[in-house]
Amino acid sequence: MAEDDRSTLYRLKPVIDRMPAVKKPDGHVPFKTKMFWTVLILVMYFIMTNVFIYGLDQEETLDLFASFRAILAGAQGSILHLGIGPIVTGSIIMQLFTGAKIIKLDLTDSEDKAIYQGTQKVLVIVMIVVEAIPQVMGYLTPSDVMVDQIGDSWAKTVIIVQLCVGSYLVFLMDELVSKWGIGSGISLFIAAGVAQQIFTGTVNWEPTNPGFEIGFNTGEGGQPNMPAGTIPKTIYVLTHMSSSDFTREGFRMVFIDPPNAIIALIGTIIVFIVVAYAESTRIELPLAHGKVRGARGRYPIRLVYASNIPVILMAALLANVQMFALILWNSPRLDGTVLGGNPHIGEYLPGSTTPVGGFAFYVGQVNGLYDWLMPVMNEAYLPEYLERWQVVTHAVVYCTVMILGSVMFAKFWIETTNMGPEAVAKQIQSSGMQIPGFRRDPRVLKRVLERYIPVVTVLSGAFVGALAAFADLIGTTGQSSGTGVLLMVGIIIRMYEQIGKEQAMEMHPVLRGFFGAE
């Protein structure tokens, strides 16, 4: 490529070359070594989620990402408070800019691809700072003791530094798993976090409000204070309520009322089964070796061709919308401006991080039947600040945004990860294979693949987006969200397949070349 034709991003090359990075292995990494690093990083992740930010006032903390906590693979108030948010946000920006041709890089060229990946690293660091600073503006409050010792400004700076360090460690851990482990660190952290949420949401016997005893009217304001887990909650209601009371109130309390209703557990199981089935559904193109007679194979095009990445990107995008809408609503410095306290962008109740109006409300996550179906069916469940049409519109808009957004990101993801028709045709051609009955020409292969891959890409994005939205409408266990459950199941299935592939390559080294490994 001529020097003048290069992208302006090449100016970042000196910075990229000096950035801390995990060294790529020189050769093949044994399976046991990969498993060791994968398990070690997973253990480190769980440890770090329990390392709380030094000098933070835990009682005054508001979680901007509360509804997306499981997906962002972080823990409120810990050094992993930001989770994978900056990493995914950086990926979103790069994909949007590449897809819109604002960034002119040929990702099939090794140098351009290296600049693309390096620029994404720089952008991740920028997003870490951008997302860390707003967190201390009224949401992650320093403790009075720390403020008295070093002052308010320095106390906030210490918290910001801890957030930045924790987020960058997550970034390096993801890179370590990608190069020395199995799968990707981001996927590993998401699956671990969601699995933990589902487990605790199913079997947690602690009361919903720990400050009060378990009972039907022992909670704050005389409200029910049931065990938080689905199974303990169901057992308690069945053993402490008469049959007549169960018919009148207990049925709704167990099946629909939050937290962790039986309907939510059923929704979680349904998503698990559907994703497991979809992951095994595929179109297989027959292949034959051009020179070795009898050597045949198949190229699988999965129904979930773009994987679950589009949903991760969409969820991260919506999480950032919620964060900035809340910041704009609460920021006193923006009062009197178009952005400050604008109810059309997002409207919030005092002390709450859940929008009750504006754009942020309509694209915000739906939290189960109790959030939309019950208010529509019974006016007693309708909040005083909402109308029924707003509740219905919220559910429809959220589902539409999830589906269309996932389709858009699926198309971007396929083009930026060499999974498009042209890139796949070159891969098949270089392996010496061809489709029987067609000339051994990458242009011919491309035309054949164009019949399937673009269509399956759109279907894949629409399917995962619709399934995630459907699960959110029904509800899921442990505040894991429909997107979280969808991601967890897909990640576990792919991790299982990856482990099987790694074991096969360990037993038969000749397969490494076939799978594209070193």
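**Note on helix packing and salt bridges**

1. Lys-156 and Asp-152 stand four residues apart in helix α6 (residues 152–180), and so they are separated by about one helical turn; helices here are DSSP runs of H or I with at least four residues, numbered from the N terminus. The two residues form a salt bridge in which the closest N and O atoms are 3.5 Å apart, the term meaning a side-chain nitrogen of Lys or Arg within 4 Å of a carboxyl oxygen of Asp or Glu. Lys-156 is partly exposed, with a relative accessible area of 23%, and Asp-152 is partly exposed as well, at 36% (buried means under 20% relative accessible area, exposed over 50%, and partly exposed in between, with a 1.4 Å probe and protein chains only).

2. Please keep in mind that this is a predicted model, in which local features need pLDDT of at least 70 and side-chain atom pairs count only at pLDDT 80 or more, while totals for chains, interfaces and linings use all residues. Residues are numbered from 1 along each chain as its sequence is written, and side-chain values use heavy atoms, with hydrogens and water left out.

3. The structure holds 12 salt bridges, and one of them joins the side chains of Lys-34 and Glu-502 at 2.9 Å, N to O. Because Lys-34 lies in helix α2 and Glu-502 in helix α18 (residues 481–507), this pair ties together parts that are 468 residues apart in sequence. Both Lys-34 and Glu-502 are buried.

4. A further salt bridge links the side chains of Glu-379 and Arg-388 (3.9 Å, N to O), where Glu-379 is exposed with a relative accessible area of 55% and Arg-388 is partly exposed at 36%. Elsewhere, salt bridges that share partners join Glu-279, Arg-302, Arg-494 and Glu-497 into one network.

5. In helix α8 (residues 230–240), the buried residues are Thr-230, Pro-232, Lys-233, Thr-234, Tyr-236 and Val-237, and they pack against α7 (185–203), α9 (243–255) and α10 (262–280), contact being heavy atoms within 4.5 Å.

6. The axes of α7 and α8 come within 3 Å and cross at roughly 10°, which means that α7 is roughly parallel to α8. Axes are lines fitted to C-alpha atoms, for helices over the stretch in contact, with angles running from 0 to 180 degrees between N-to-C directions; angles under 35 degrees count as roughly parallel. Where these two helices meet, Gly-201, Thr-202 and Val-203 of α7 touch Thr-230, Ile-231 and Pro-232 of α8.

Conventions:
Parallel < 35°, antiparallel > 145°, perpendicular 65-115°, else oblique.
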